[in-house]
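Here are my notes on the model, as numbered points. Please read them with the structure open.

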Amino acid sequence: MKLALIASRSRRQCLAALAGTMTLPGAGWGNTRPDITLRFSHVVAEETPKGLAANRFKVLVEQRSSGRISVQVYPNAQLYGDLDEMQALQLGAVDMVAPSLSKFGRIGLPEFELFDLPFLFDNLEAVRRITHGALGQKLLAGLQRQGLVGLGFFDNGFKQMSANRPLLEPKDFIGLRMRVQASRVIAAQMRALGARPVTLAFSETRQALATGVVDGTENPVSNFWTQNMHEVQSDLSLTDHGYLGYAVVTNQRFWQSLGTPDRELINQALQEALAFANQMADTQNDRALAALRQAGTTRVHTLTDAQRSRLRQAVQPVQKALTQRIGPRWMKALEEVMVNPS
Ligand code: LMR
């Protein structure tokens, strides 16, 4: 529906109309009429690291401003999805989004795709050498080029592969159509495995798996479980082959329109919500895996070290092949951080 509406009216009119008219129940604080309403849109379910972070942020902002600042959270791509959330943010039709780091290449920031390099990170500590360090700040500063302000990073976790067969060896991927996020690095990863990458919006993934438009996909278990992908995928292979994380982004005009005390209040609440999300991320993925095992709809496969290293070998050329895409200076900076974890 949204896309057809956009086609029939000017995009700015349509996005403004959609943003202006939709309010969720429970927004606001008692009888206090908010001076500021912050609209936070995201594409995943509430029982996920991102869903929990957004709701914690809402509670902290509304409590600390005594309802003067209201945060309206729109989960599950209710308001905007992968295809239009960034543009809606740039147009000011929404005030905050937290896309996956894999989705910034599409708006002219391919350097963010360094996070998609397969088997780059052995654990979340390795990721945080970037997200909590100078390189992470440099990446966020680049958002200014797009009229945006990067406020921070947080984790979902490591991605697993799913299909209607076990994916334990590179040969298991041959010929599969695999749903991917809009990242050239992830597309190259799938091609290196002999699969065909199919870029689709997150909200369309389960349906595409159910109808056979695609055969498989990759995601952390919390996304896989909360989107009920287990109902349409018979096998989940615990590859831990790549990282999925997020950046919280706001619109420069909105951010500058705030008074300093409000900006500090919002930023402080956000940093606490992101720290909370990072604490919860592993738990949310572990809980989802336990629930999935309990459901018994999907066979769960743990790879041997030998199988994992054969996968790692198969995708190893991706790093060199995508150096131009990400940017040689970013790749050099990445190497320095990964080699000298000071
Ligand atoms: C995906 O598109 O698979 C994920 O980026 C969704 C999300 O935001 O976690």
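1. Start with Ser 41. Its bridge partner in β3 is Val 97. In β2, Ser 41 has Tyr 74 as its bridge partner. The model is a predicted one, and these pairings should be read as such.

2. Next, the strands around Ser 41. How many bridges join β1 to β3? Two bridges do, and these strands run parallel. Strand β3 covers residues 96-97. Between β1 and β2 there are six bridges, again with a parallel run. Strand β2 spans residues 69-74.

3. Then the connection. From β1 the chain passes through α3 and on to β2. Is this β-α-β crossover right-handed or left-handed? The crossover is right-handed.

4. Burial of β1 deserves a remark. The strand is mostly covered: of its six residues, five are buried. In a regular strand, side chains alternate between the two faces of the sheet.

5. A search of the whole structure gives eight aromatic pairs. One of them is Phe 40 with Phe 57: the ring centres are 6.1 Å apart and the planes stand at 70°, so the pair is edge-to-face. The cut-off for that label is an angle over 60 degrees. This pair links distant parts of the chain, 17 residues apart. Phe 40 lies in β1 (residues 36-41), and Phe 57 lies in α3 (residues 49-64).

6. Phe 115, Phe 121, Phe 153, Phe 158 and Tyr 243 are linked by ring pairs into a cluster. Separately, Arg 56 places its charged end over the ring of Phe 276, at 3.8 Å from the ring centre.

7. Backbone points. Most residues other than glycine have a negative phi. Asn 76 sits in the loop between β2 and α4 (85-91). At a relative accessible area of 38%, Asn 76 is partly exposed.

8. Asp 240 also calls for a look at its backbone. Its phi is positive, about 45°, although Asp 240 is not a glycine. Where is Asp 240? The residue is in strand β8 (residues 235-251). Asp 240 is partly exposed, with a relative accessible area of 33%.

9. Finally, the overall picture. The protein has 15 helices and nine strands. Its C-alpha trace spans about 60 × 45 × 40 Å along the principal axes. For 342 residues, a compact globule would have a radius of gyration near 20 Å; the protein has 20 Å, so the value agrees. Of the 342 residues, 56% count as buried. Among contacts with a separation of 6 or more, 77% come from residues 24 or more positions apart.

Terms used. Residues numbered from 1 in each chain as written. Predicted model: local features only at pLDDT ≥ 70, side-chain atom pairs only at ≥ 80, totals over all residues. Heavy atoms only, no water. Phe/Tyr/Trp six-rings, centres within 6.5 Å; stacked < 30°, edge-to-face > 60°. Helix = DSSP H or I, 4+ residues; strand = E, 2+ residues; numbered from the N terminus. Lys NZ or Arg CZ within 6 Å of the ring centre and 35° of its normal. Buried < 20%, exposed > 50% of the residue type's maximum accessible area, 1.4 Å probe, protein only. Pairing = 2+ DSSP bridges. Right-handed = clockwise from strand over helix to strand, strands pointing away. Rg over C-alpha atoms; globule rule 2.2 N^0.38 Å. Contact = heavy atoms within 4.5 Å.
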